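Trainee: I have a structure open and would like to go through it piece by piece. Can we start with the backbone and then do the rings and helices?
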Amino acid sequence: KPRQKNLLLSRLNLCKYPDPAGKIGSNSLAGKTIYIFIGYPIAAWVRPGRAVPDAAFLFPGPTSNLNGVRLREMNQTVAKAARSRTVRSDNAKNGAPGRAISRTGDHKLPSNTNLRIVSGAAEAKAPDHARVLAYLENEKPATPCLVIDLDIVAGKYAALKQAIPAADIFYAVKANPAPEVLRRLAALGSSFDTASAGEIRQVLAAGAEPARISFGNTIKKTADIAFAHRQGVDLFAFDSEAELEKIAGAAPGARVFCRILVEAEGALWPLNRKFGCAPLMAGDLLVRARDLGLKPYGVSFHVGSQQLDPSQWARAIAAAKSVFGRAAEAGVTLGMVDLGGGFPAVYGPGVATISAYGKAIERAMHESFGATLPAMIVEPGRYMVGDAGVLETEVVLVSRKSYEDDRRWVYLDIGRFGGLAE
């Protein structure tokens with residue numbers, strides 16, 4: 001559109017590359033290849049060691065689901081990748097030099113251009129909230145009111161099961177512990193990732209057997225470990241020797257898995273530093289678990305919440321394989337990789353389909369483990385419920401603070417940490 005085109009050109013002219021005197025359109029970029037990404041996360045196109053342009057720029061569209069902090073991070077990623085020549089356009093087989101792919105057909109570009117336009121990977125569709133909206137319109141409940149469509153939750157579960165059929169699904173209860181959600185998932189055969197004794201009680205009340213529960217929090221009270229063990233829970237996470245010793249004392253003979261620190265980019269909420277330990281330490285701790293009378297079972301990691309780049313699992317899986325190898329050298333055979341969560345909810349455009357994540361994970365598992373794969377666990381949370389409903393709120397007041405200030409202050413009947421954080 002003319003207005004967007006003019007905005008794009010004006011911003012391009014502000015980009016000085018490769019030196020302060022060089023601008024787009026000047027001799028400094030003559031004959032260069034430039035990739036321009038509009039409206040989509042750059043993480044999906046950044047890969048190490050692939051075909052590259054000489055420069056790349058990101059211009060998110062007006063409907064982008066990314067916040068300002070994330071946009072800055074992604075622009076920095078583009079700049080870094082362009083300098084190190086590691087940017088490529090994904091799924092290039094759908095496009096060719098000098099041709100543009102669009103929803104209205106395949107259009108030729110001017111013959112005097114070197115621009116290459118390729119289509120991106122298929123995007124996930126946002127759930128249909130028609131039933132929820134109809135309910136809110138007809139019933140007019142008091143606000144704030146959150147309504148979850150359990151059929152959407154069930155559909156998400158089925159899609160994930162189809163995308164990664166070899167993995168057991170352990171729903172992360174903390175994402176939404178509503179009894180109705182837990183009962184529906186329990187009836188579908190889901191297992192559950194819990195973080196507290198209270199969540200374990202909720203899952204048991206929903207009808208799940210103890211064998212389908214993982215106590216996945218790496219920082220647990222000794223009393224809660226003992227409680228879980230008395231209920232029949234047999235799978236515990238840890239990331240330190242002190243936690244391992246607590247489990248050995250309160251849940252003797254239990255299966256344990258160690259969470260490792262991994263480097264991951266592309267997540268809106270990185271979680272790769274708060275929990276976990278270095279892979280080298282993890283291998284030694286799993287050997288220590290055997291010596292304490294526990295059953296060393298596997299390795300877990302988390303590539304970050306709302307992870308928009310399916311390729312990020314590859315590096316983490318490779319790190320997990322290194323732990324398998326270190327443990328094996330000491331005579332400990334591990335049998336499970338917990339792939340964590342991170343699968344995104346569809347808040348807007350630019351989210352790959354869950355099948356794309358499944359294919360990326362399957363490829364990475366075979367690259368690291370070969371033909372014989374260990375057992376796998378996934379722990380979806382936000383993916384299962386984050387976009388499964390609608391939150392209705394009321395504007396309580398709109399006000400101004402002074403005669404000179406034109407800004408309006410809008411007050412709702414719900415706060416950021418009461419639901420708007422999503």
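Mentor: Start with Gln-306, which is buried, with a relative accessible area of 0%. Keep in mind that this is a predicted model.

Trainee: Where is Gln-306 placed?

Mentor: Gln-306 is in strand β13, residues 305-307. Its phi is positive, about 55°, although Gln-306 is not a glycine.

Trainee: What about Lys-140, buried or exposed?

Mentor: Lys-140 is exposed, with a relative accessible area of 59%; the cut-off for exposed is over 50%. Lys-140 also has a positive phi, about 50°, and is not a glycine. You find Lys-140 in the loop between α3 and β5.

Trainee: Which residues does the cis peptide bond join?

Mentor: Thr-143 and Pro-144, with omega at about 0°. Pro-144 sits in the loop between α3 (130-139) and β5 (145-148).

Trainee: Rings next. How many aromatic pairs are there in the whole structure?

Mentor: The search finds 6 aromatic pairs. One of them is Phe-215 with Phe-236: the ring centres are 6.1 Å apart and the planes are at 40°, so this pair is tilted.

Trainee: Why is it said that this pair ties together parts of the chain?

Mentor: Because Phe-215 is in strand β8 (residues 213-215) and Phe-236 in strand β9 (residues 235-238), parts that are 21 residues apart in sequence. Phe-215 counts as buried at 1% relative accessibility, and Phe-236 is buried at 0%.

Trainee: And what sort of pair do Trp-313 and Tyr-357 form?

Mentor: An edge-to-face pair, 5.7 Å centre to centre with 90° between the planes. Trp-313 lies in helix α10 (residues 312-329) and Tyr-357 in helix α11 (residues 354-369), so the pair links parts 44 residues apart in sequence. Both Trp-313 and Tyr-357 are buried. Together with Phe-343, they form one aromatic cluster.

Trainee: Which ring does the charged end of Lys-220 sit over?

Mentor: The ring of Phe-215, 5.6 Å from its centre. Elsewhere, Arg-201 lies over the face of Phe-227, at 4.4 Å from the ring centre.

Trainee: Last topic, helices. How do the axes of α4 and α5 cross?

Mentor: Two packed helices are described by the angle and the distance between their axes. For α4 (residues 150-163) and α5 (residues 179-188), the axes come within 10 Å and cross at roughly 40°. The two helices are therefore oblique to each other, and their crossing is right-handed.

Trainee: Which residues make the contact?

Mentor: From α4, they include Leu-150, Val-153 and Tyr-157; from α5, they include Val-181, Arg-184 and Leu-188.

Technical notes: Residues are numbered from 1 along each chain as its sequence is written. This is a predicted model: local features need pLDDT of at least 70, side-chain atom pairs count only at pLDDT 80 or more; totals for chains, interfaces and linings use all residues. Side-chain values use heavy atoms; hydrogens and water are left out. Rings of Phe, Tyr and Trp (its six-membered ring) pair if their centres lie within 6.5 Å; planes under 30 degrees apart count as stacked, over 60 as edge-to-face and the rest as tilted. Helices (H or I, at least four residues) and strands (E, at least two) are DSSP runs, numbered from the N terminus. Buried means under 20% relative accessible area, exposed over 50%, partly exposed in between (1.4 Å probe, protein chains only). A charge sits over a ring if NZ of Lys or CZ of Arg is within 6 Å of the ring centre and within 35 degrees of the ring normal. Axes are lines fitted to C-alpha atoms, for helices over the stretch in contact, and angles run from 0 to 180 degrees between N-to-C directions. Angles under 35 degrees count as roughly parallel, over 145 as roughly antiparallel, 65 to 115 as roughly perpendicular and the rest as oblique. A crossing is left-handed if the near helix is turned anticlockwise from the far one by less than a right angle, and right-handed if clockwise. Contact means heavy atoms within 4.5 Å.
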